Amino acid sequence: MRNDNLKSYLNLHLIVFIWGFTAILGALITIDADNLVWYRMLLALIFLGAFIIYKKQSFHVPVKELFKLVFVGLLIALHWIFFFKAIHVSNVSITLSIFSLGAFFASLLEPLFYGRKILWYEVFFGLIIIAGLALILQVEIKYLTGVYYALASIILGVVFTLLNGKLISDHEPSLITFYEFGAGVFFISLYFLIQGKFSVDFFTISLNNWALLLILASVCTAYAFTASVKVMQRLTPYTVMLTTNLEPVYGIVLAYFILGGKEKMSAEFYIGALIIVITVILNGVFKHSQNKKKSNLLLIYKLRINTLV
């Protein structure tokens, strides 16, 4: 059992590392953000469909639930479009530092979804995170447009994560994601048809972009998702929460060494980013001390917001 837990813990770190690498792929892929999301969701949809067939799972969901999944799929598509747009107009480091605000936004929005009161310490930690963000923006104001896109993305991410927290109890995670991705592909395709965007040029993609898209859809989306569900069956919500908070760290470090150039930020940026990450971790430690005897699935979904990239 101990070896199984250690293996799951190491697998979790690998998954978080992969999630951090997602932003790097977004910067390396040279097609428009909305095109990128369409290809990502379509390819991941195919991979997940094959997985469901392999596992001999049923594709059936009630019509009422299907409409909910379709709505969440639209939110996911918009979330990813804004995410990759933020990377393209700013950089990976700025985008991932903004994503650290996810836990703070979740602490404000979760009471609306689940009818609990706002916790004072979540707001307190959120204010410290905002102070760290203010330090970043003070010296990196040229990336303000990217900050707006990242903020829109993370708010959408929190909303659809909270909605998924209600859906997960009734359906297999792979099935939920399959229909959500399918809905995302449908809505983006409808938009492209109205705009007349489907053309020969749209489907003319370099071999390098195809290779990166396949990695993004298979390893960073379909595989990382199913693998994360498996490790969560063995690890505590607290362990998962703290480990996933390392995603911005992995992503920013990877961006610094792989992309270089505009990813090399000022000293104030790294101080502000460090303040944000440490505060998010302290929030997790404090929450754990307040909920030692509880194993709440909603906690996983709330603080797993970084997995949404």
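Which helix holds both Glu-65 and Lys-68? The model is predicted, and in it the two residues lie in helix H3, which spans residues 63-89. They sit three residues apart, about one turn of the helix.

The two side chains form a salt bridge. The closest N and O atoms of Glu-65 and Lys-68 are 3.3 Å apart. Side chains of opposite charge can pair when their charged atoms come close. Glu-65 has 13% relative accessibility, so this residue counts as buried. Lys-68 is partly exposed, with a relative accessible area of 38%.

The structure holds two salt bridges. The other pair joins Asp-34 and Lys-197, whose closest N and O atoms are 2.9 Å apart. Asp-34 lies in helix H2, whereas Lys-197 lies in the loop between H8 and helix H9 (207-232), so this pair ties together parts that are 163 residues apart in sequence. Asp-34 counts as buried because its relative accessibility is 15%, under the 20% cut-off. Lys-197, at 22% relative accessibility, counts as partly exposed.

Helix H2 also meets H8 directly. H2 covers residues 33-54 and H8 covers residues 173-195. Their axes come within 9 Å and cross at roughly 145°. The crossing of H2 and H8 is left-handed. By class, the contact of H2 with H8 has 16 nonpolar residues, seven polar residues and two charged residues.

How values were computed. Residues are numbered from 1 along each chain as its sequence is written. This is a predicted model: local features need pLDDT of at least 70, side-chain atom pairs count only at pLDDT 80 or more; totals for chains, interfaces and linings use all residues. Side-chain values use heavy atoms; hydrogens and water are left out. Axes are lines fitted to C-alpha atoms, for helices over the stretch in contact, and angles run from 0 to 180 degrees between N-to-C directions. Helices (H or I, at least four residues) and strands (E, at least two) are DSSP runs, numbered from the N terminus. A crossing is left-handed if the near helix is turned anticlockwise from the far one by less than a right angle, and right-handed if clockwise. Ala, Val, Leu, Ile, Met, Phe, Trp, Tyr, Cys and Pro count as nonpolar, Asp, Glu, Lys and Arg as charged, and the others, Gly among them, as polar. A salt bridge is a side-chain nitrogen of Lys or Arg within 4 Å of a carboxyl oxygen of Asp or Glu. Buried means under 20% relative accessible area, exposed over 50%, partly exposed in between (1.4 Å probe, protein chains only).
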